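Q: How should helix packing, burial and backbone angles be read from a model like this one?

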Amino acid sequence: PPSPELRRIRQRALAYGGDTKTVRSLLPPAEARDPEERLVAAALAFTEQDYRQAESLANAVAKSLPAGTAAASTCLAAAAAVNQDAPDRADAILGKVNGDCVRLLKAATAAQRGETGTALAILKTRPSGTEMAAAHETALGTLHLQVNDQDAAAADGTSAMSEARRDALSG
């Protein structure tokens, strides 16, 4: 049998290729999964647009982990709530968690409530790493389009493409 690390690499490669069925088949039975494997199952549900299931699975993972170690599962659960147009639920999931992903999701919940100014203010803080930079610029571009600032939106789009290329090359 392949090592756990090799299995994770294979799961990622298949997921990037869109083969969620094969990735799911590589996971152990639900009752035997460790937190990382349960998070993979939640991410697969998200990819398949089963946001209710993704939120439920990711939330369960987040609650099972020690405080301060559940950022990825918390953000996935909150993103699933956002995709279900449930900003209050997303905010409740995010609770007191901090970080770049949280800021993006809080901006998304503000935008869902029609609070574009609040969302733009939240996004004034730039992400600390490259992995969220493209998403940050894309969010800014979307909000600038909502307020009909075409020039800013175009600049944000150019920045998002640049950041996506930089992240793809670095990771």
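**Helix contacts, burial and phi**

Q: Which residues in H3 meet which residues in H4?

A: Contact here means heavy atoms within 4.5 Å, and helices (H or I, at least four residues) are DSSP runs numbered from the N terminus. On the H3 side there are Pro35, Arg38, Leu39, Ala41, Ala42, Ala45 and Phe46; they meet Tyr51, Gln53, Ala54, Leu57, Ala58, Ala60, Val61 and Ser64 in H4. By class, this contact has 12 nonpolar, two polar and one charged residues. The classes are nonpolar (Ala, Val, Leu, Ile, Met, Phe, Trp, Tyr, Cys and Pro), charged (Asp, Glu, Lys and Arg) and polar (the others, Gly among them).

Q: What should I know about the source of these values?

A: The model is predicted: local features need pLDDT of at least 70 and side-chain atom pairs count only at pLDDT 80 or more, while totals for chains, interfaces and linings use all residues. Residues are numbered from 1 along each chain as its sequence is written, and side-chain values use heavy atoms, with hydrogens and water left out.

Q: At what angle do H3 and H4 pack, and how far apart are their axes?

A: Axes are lines fitted to C-alpha atoms, for helices over the stretch in contact, and angles run from 0 to 180 degrees between N-to-C directions. For H3 (residues 35-47) and H4 (residues 51-64) the angle is about 160°, and the axes are 7 Å apart. That makes H3 roughly antiparallel to H4; the cut-offs are under 35 degrees for roughly parallel, over 145 for roughly antiparallel, 65 to 115 for roughly perpendicular, and oblique for the rest. H3 passes H4 in a left-handed crossing, a term for a near helix turned anticlockwise from the far one by less than a right angle (right-handed if clockwise).

Q: How do H4 and H5 pack, and which residues meet?

A: The angle between H4 and H5 is about 155°, with axes 8 Å apart. H4 and H5 are therefore roughly antiparallel, and their crossing is left-handed. Tyr51, Ala54, Glu55, Ala58, Asn59, Val61 and Ala62 in H4 meet Ser73, Thr74, Leu76, Ala77, Ala80, Ala81 and Asn83 in H5. This contact has nine nonpolar, four polar and one charged residues.

Q: Are H5 and H7 roughly parallel or antiparallel?

A: H5 and H7 pack at an angle of about 15°, their axes 10 Å apart, and are therefore roughly parallel to each other. H5 passes H7 in a left-handed crossing. In this contact Cys75, Ala78, Ala79 and Val82 in H5 meet Cys101, Val102, Leu105, Ala108, Thr109 and Gln112 in H7. Eight of these residues are nonpolar, two polar and none charged.

Q: How many of the residues of H5 are buried?

A: Buried means under 20% relative accessible area, exposed over 50%, and partly exposed in between (1.4 Å probe, protein chains only). In H5, 10 of the 13 residues are buried, so this helix is largely enclosed by the rest of the structure. The buried residues are Ser73, Thr74, Cys75, Leu76, Ala77, Ala78, Ala79, Ala80, Ala81 and Val82. Their cover includes H3, H4, H6 (87-94) and H7 (100-112).

Q: What does alanine 78 touch?

A: Alanine 78 lies in H5 and is buried, with a relative accessible area of 0%. Leaving out residues up to four places away in sequence, alanine 78 touches Ala90, Ile93, Leu94 and Leu105. Its C-alpha is 13 Å from that of aspartate 100, which is 22 residues away along the chain.

Q: What span should H5 have, and what is the distance between its end C-alpha atoms?

A: The expected span is 1.5 Å times one less than the number of residues. For the 13 residues of H5 (residues 71-83) that gives 18 Å, and the end C-alpha atoms are 18 Å apart, which agrees. H9, with 14 residues, reaches 20 Å from its first C-alpha to its last, close to the 20 Å expected.

Q: Which residues in H9 are buried?

A: In H9 they are Ala133, Ala134, His136, Glu137, Leu140, Gly141, Leu143 and His144.

Q: Where are aspartate 85 and asparagine 148, and what is the phi of each?

A: Most residues other than glycine have a negative phi. Aspartate 85 is not a glycine, yet has a positive phi of about 55°; its place is in the loop between H5 and H6. At 63% relative accessibility, aspartate 85 counts as exposed. Asparagine 148, also not a glycine, has a positive phi of about 60° and sits in the loop between H9 (133-146) and H10 (150-170). Asparagine 148 is exposed, with a relative accessible area of 59%.

Notes
Helices (H or I, at least four residues) and strands (E, at least two) are DSSP runs, numbered from the N terminus.
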